[in-house]
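Reader: I'd like to go through this structure before I set anything up. Can you take my questions as they come?

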Amino acid sequence: MTTTLLSETHREVQALAREFAQREIAPNAAAWNADHHVPVEVLRRMGEIGLLAVTVPEELGGAGLDATSLCLVVEEIARADAGTSTAVAVQNGLVAAPLMRAGTPAQCAAWLPRLATGEIFGAYALTEPDAGSDTASLRTRAAEHADGWSISGSKQWITNGGFAALFVVFARTGGPGAKGVSAFLVEPGPGFEVGREIPKMGLHTSSTVELVFDGCKVPGVNMLGKPGEGLKLALTTLDGGRITIAAQACGIAQAALDLATEYARSRVAFGGPIARFQGIQFPLADVAAKLDAARLLTRHAAALRDAGEPHGIVGAKAKLFASAVAVEAADVAVQTLGGYGYSSEYPAERYYRDAKITEIYEGTSQIQRLVIARGLLGDSAR
Ligand SMILES: Cc1cc2nc3c(=O)[nH]c(=O)nc-3n(C[C@H](O)[C@H](O)[C@H](O)COP(=O)(O)OP(=O)(O)OC[C@H]3O[C@@H](n4cnc5c(N)ncnc54)[C@H](O)[C@@H]3O)c2cc1C
């Protein structure tokens, strides 16, 4: 659907990502997930075809495309495997994007070309054990010294953390609250430790770790953006990232719908395919309609971003709606497959587990509702 609304370039990007995802990822997704294998080698190959730095300018090694293109890429990768698409979403949306927004020319030149090729991977470290939705309460501290900063504290749930070489870390450089936070570009070294891989319900092809900083030295030139403006950068970054997660949700929903419709046509019960039962047809029809709507909303948010228009609230709506559609689509897929839907020998149960994360990370569904409500009601909603 909605392919007709895409430009020629967008259709080419979609075809490139789809072809790669269906050839290199989809056939391996079940085995990788069962083994909890993070396919870094395949991620690296995505760098060769421009999928790791979709919106980075060509002169810095990127594909020089727009947010709509990034959505198309993430949706296609997610349709093949959600966990793999999370790495792509983080590299593009949470690492390259804040670098492009706030990085000095020297920082951009040092990091973006390497992120683009997949020579290195990046991670975005905002969440802490005691600070998730309430980002302004983060406690990791950066103390200033003669030639830079010394970071101490811990981070939780950091995607790509098990293999990243660059971490965008948000730490407190001033007093309490939002204005006391700054952002840093941190490389692994003394005083920095990657903790355990956190066991998860799904997304088994994605690395999610704890980070521990104990006097980790960061040169002064590695501050990203201005002192005290770190949280603003973190939240602006998430405004864009949410659109990418909405696209990921659309990809998971599409995979679930594809599986369920194919199964409904071939599974025979009571003398014919189960596809002839209204009880099978209507949930599939509902998901198909909602998925079209989710995709249009997601692409609308991306188009606003591409036009330089405010997109935070529409992005929140897109993530809120698309993630609910992904969860519903996966549920319908499990139900359509019956007992086979509950078996790990079919992908429906993986979609079911993977879809749920889209309602949680980069702002839970409650937080998206908060953003939307504040847009509607202004200060009276606070
Ligand atoms: C697999 C995975 C990968 C992740 N990757 C990253 C990453 O790469 N980098 C990173 O920094 N973080 C990452 N996260 C963290 C993620 O963004 C947070 O888990 C999420 O923002 C929620 O924070 P929390 O878990 O602390 O929940 P809490 O903030 O403690 O929320 C608990 C519950 O309370 C609700 N709640 C909280 N505040 C409100 C409110 N004001 N109104 C209504 N309800 C509220 C929440 O919606 C939720 O239901 C990841 C998480 C997971 C699970």
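Reader: Is the crossing in which α7 passes α10 left-handed or right-handed?

Author: This is a predicted model, so everything here is computed from it. In it, α7 passes α10 in a left-handed crossing.

Reader: Which residues of α7 and α10 make the contact?

Author: Ile252, Ala255, Ala256 and Leu259 come from α7, and Ala348, Tyr351, Asp354 and Ala355 come from α10. By class, the contact of α7 with α10 holds seven nonpolar residues, one charged and no polar ones.

Reader: And the geometry: at what angle do the axes of α7 and α10 cross?

Author: Roughly 155°, and the axes come within 10 Å. Helix α7 covers residues 230–266 and helix α10 covers residues 348–357. Angles over 145 degrees count as roughly antiparallel, which makes α7 roughly antiparallel to α10.

Reader: Switching to the ligand. Which residues around the ligand come nearest?

Author: There are 23 residues around the ligand, and Thr127, Gly132, Ser133, Thr159 and Thr364 come nearest. The elements that contribute two or more residues to the shell are β1 (122–125), β3 (148–159) and α11 (365–377).

Reader: How do the residues of that shell divide into nonpolar, polar and charged?

Author: Twelve are nonpolar, eight polar and three charged.

Reader: Why does the ligand lie between domain 2 and domain 3?

Author: Because domain 2 (123–227) and domain 3 (231–381) both give residues to the shell around the ligand.

Reader: What domains is the chain divided into?

Author: Domain 1 (3–120), domain 2 (123–227) and domain 3 (231–381).

Reader: How many Å separate the centres of domain 2 and domain 3?

Author: The separation is 30 Å, with the centres taken over C-alpha atoms. As for contacts, 13 residues of domain 2 touch ten residues of domain 3. The side of domain 2 that touches domain 3 has nine nonpolar residues, four polar and no charged.

Reader: Back to helices. At what angle do α4 and α5 pack?

Author: Helix α4 (residues 67–80) and helix α5 (residues 82–102) pack at about 160°, and their axes are 7 Å apart. That makes α4 roughly antiparallel to α5. The crossing of α4 and α5 is right-handed.

Reader: Which residues in α4 and α5 meet?

Author: On the α4 side, Leu70, Val73, Val74, Ile77 and Ala78. On the α5 side, Ala82, Thr84, Ser85, Val88, Ala89, Asn92 and Gly93. Sorted by class, the contact of α4 with α5 contains eight nonpolar, four polar and no charged residues.

Reader: What about α5 and α6, how far apart are their axes?

Author: The axes are 10 Å apart, and α5 packs with helix α6 (residues 105–117) at an angle of about 160°. The two helices are therefore roughly antiparallel to each other. In handedness, α5 passes α6 in a left-handed crossing.

Reader: Which residues make the contact there?

Author: From α5 they are Gln91, Val95, Ala96, Leu99 and Met100. From α6 they are Gln107, Cys108, Trp111, Leu112 and Leu115. By class, the contact of α5 with α6 comes to eight nonpolar, two polar and no charged residues.

Note on methods
Residues numbered from 1 in each chain as written. Predicted model: local features only at pLDDT ≥ 70, side-chain atom pairs only at ≥ 80, totals over all residues. Axes fitted to C-alpha atoms, helices over the stretch in contact; angles between N-to-C directions. Helix = DSSP H or I, 4+ residues; strand = E, 2+ residues; numbered from the N terminus. Parallel < 35°, antiparallel > 145°, perpendicular 65-115°, else oblique. Left-handed = near helix turned anticlockwise from the far one by under 90°. Contact = placed C-beta atoms within 7 Å. Nonpolar A, V, L, I, M, F, W, Y, C, P; charged D, E, K, R; others polar. Near = placed C-beta within 6 Å. Domains from an automatic or database assignment.
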